[in-house]
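This briefing covers aromatic pairs, nonpolar cores, charges over rings and backbone angles. Please look over the sequence and the model before reading the points below.

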Amino acid sequence: MTVSSLAPARQDRRAPAKVVSSYNEWDPLEEVIVGRLSGGVFPTWQESMRATMPPSSWRLFQERGGQPFPQDLVDAADEELDGLARTLAAEGVKVVRPEPADHGAELATPHWVTSGGLYSAMPRDHLIVVGETIIESPMSWRCRQFDGDPFRPLLKSYFNQDARWLQAPRPQLTEELFRTGEHDGWAITEFEPVFDAADFMRFGRDLVVQRSHVTNAFGIRWVQRALGSAFRVRTIEVNDPHAMHIDATLLPLAPGKLLVNRERYVPTDLFRGWEIRQAPRPTLPRDWPMYFCSPWVSMNMLSLDERTVVVERQEEPMMELLTDWGFRCVPVDFRHVYTFGGSFHCVTVDVRRRGSIGQYLAPGR
């Protein structure tokens with residue numbers, strides 16, 4: 001197929017007032033963090049992972065937690081991450097990267113010990129920018145409690161340039177947080193506030209969030225209270241028994257244009273008046289190694305502006321849908337990154353987009 005390259009150039013809007021300024025997923029992108037995989041290790045097993053991780057990975061995590069990922073797969077994925085960084089720079093976006101890090105050191109608190117951390121590949125899991133504030137999330141996987149360390153130099157730099165920087169309360173992650181044995185509910189309780197930033201999606205004044213096996217109602221209330229009355233946090237239902245991160249369930253690509261997962265999306269009045277299209281089924285081969293997630297990570301894309309989307313090069317049905325919908329596609333090889341649990345949206349944090357707050361969703365609670 002031929003990917004359209006004839007769309008108009010990206011349109012400017014008013015310049016943001018701060019170095020950190022991003023209100024939604026589609027305003028013109030000016031600065032972005034892109035993660036790194038090198039130094040990553042298999043996560044140390046905890047029972048709450050059973051609710052979200054592919055069964056094929058359970059024994060692997062139990063036996064190899066804290067040990068490095070296969071080097072050939074890491075090298076291939078890091079080459080793709082570097083390629084994404086080059087592509088974004090060629091599109092006029094400033095790209096920043098975390099510090100190199102070795103995640104293989106044992107982690108310990110007075111309450112627990114893990115064999116190692118995880119990686120610096122998926123900053124969207126840990127960080128979210130809401131307006132002029134950057135928030136570090138309190139993650140429920142013990143092996144991810146120090147995910148933010150490689151990003152600290154960047155966060156300090158943004159703070160020193162007048163950004164607002166919040167870190168959610170450090171969770172204890174004691175056994176009271178986790179449900180054990182057979183249960184029908186979420187893998188986590190309401191013992192303390194926990195959330196992954198990737199369970200939130202930004203729509204200007206509104207943030208849409210899903211409850212999941214890593215995000216509880218306590219965490220959602222903390223986000224609402226931390227942001228104050230300028231923003232509304234809206235919880236939606238999804239049809240995903242393994243819920244963990246919303247960006248493979250729904251993804252706004254432009255004002256009024258929403259891409260959804262045909263298997264997980266539950267219609268809601270929030271998107272009244274929006275044009276909603278179902279993502280095509282992924283094209284990933286069945287035997288492709290996937291440690292953390294399903295092939296639906298194919299819809300985990302990054303908008304550079306209202307007309308331009310970064311998409312995996314081999315997802316041709318997706319590019320056909322987007323081109324028909326009026327978007328310019330920027331194809332990038334990324335299947336080796338899929339292996340480690342994410343794609344373009346997961347591996348990035350959009351620090352600055354040129355635009356203002358706006359209101360895009362239907363009013364209501």
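Where does D162 lie? D162 is in the loop between α4 (152-160) and β7 (164-167); helices (H or I, at least four residues) and strands (E, at least two) are DSSP runs, numbered from the N terminus. The model is predicted, with local features needing pLDDT of at least 70 and side-chain atom pairs counted only at pLDDT 80 or more, while totals for chains, interfaces and linings use all residues. Residues are numbered from 1 along each chain as its sequence is written, and side-chain values use heavy atoms, with hydrogens and water left out.

**Positive phi**

- Most residues other than glycine have a negative phi.
- D162 has a phi near 80°, a positive value in a residue other than glycine.
- D162 counts as exposed at 58% relative accessibility; exposed means over 50% relative accessible area, buried under 20% and partly exposed in between, with a 1.4 Å probe and protein chains only.
- H245, also not a glycine, has a positive phi near 85°.
- The loop between β10 (232-236) and β11 (250-254) holds H245, which counts as buried at 10% relative accessibility.

**Aromatic pairs**

- The whole structure contains 25 aromatic pairs. Rings of Phe, Tyr and Trp (its six-membered ring) pair if their centres lie within 6.5 Å; planes under 30 degrees apart count as stacked, over 60 as edge-to-face and the rest as tilted.
- One of these pairs is F69 with F292, edge-to-face at 6.4 Å centre to centre and 75° between the planes.
- F69 sits in the loop between α1 (55-64) and α2 (71-90) and F292 in the loop between β13 (275-278) and β14 (302-305), so their pairing ties together parts that are 223 residues apart in sequence.
- Both F69 and F292 are buried.
- F334 and F344 form a stacked pair, with 4.2 Å centre to centre and 25° between the planes.
- F334 is in the loop between β16 (328-332) and α7, F344 in the loop between α7 and β17, and the two are 10 residues apart.
- F334 and F344 are both buried.
- A cluster linked by ring pairs consists of F42, F61, F69, Y119, Y291, F292 and F340.

**Nonpolar cores**

- In the largest nonpolar core, which has 38 residues, F69 and F340 touch the most other members. Such a core is a set of buried Ala, Val, Leu, Ile, Met, Phe, Trp, Tyr and Cys residues joined through side-chain atoms within 4.5 Å.
- Two or more residues of this core come from each of β1 (29-34), α2, β14 and β16.
- The largest share, six residues, is from α2.
- Leaving out residues up to four places away in sequence, F340 has contacts (heavy atoms within 4.5 Å) that include L37, F69, L73, Y119 and F292.
- A second, separate core has 34 residues, among them A248, L259, W296 and M301.

**S343**

- S343 lies in the loop between α7 (335-338) and β17 (348-353).
- S343 is buried, with a relative accessible area of 1%.
- Apart from residues up to four places away in sequence, S343 touches V297, N300, F334 and Y338.

**Charges over rings**

- R50 has its charged end over the ring of W58, 4.6 Å from the ring centre. The criterion is NZ of Lys or CZ of Arg within 6 Å of the ring centre and within 35 degrees of the ring normal.
- K257 places its charged end over the ring of F327, 4.9 Å from the centre.
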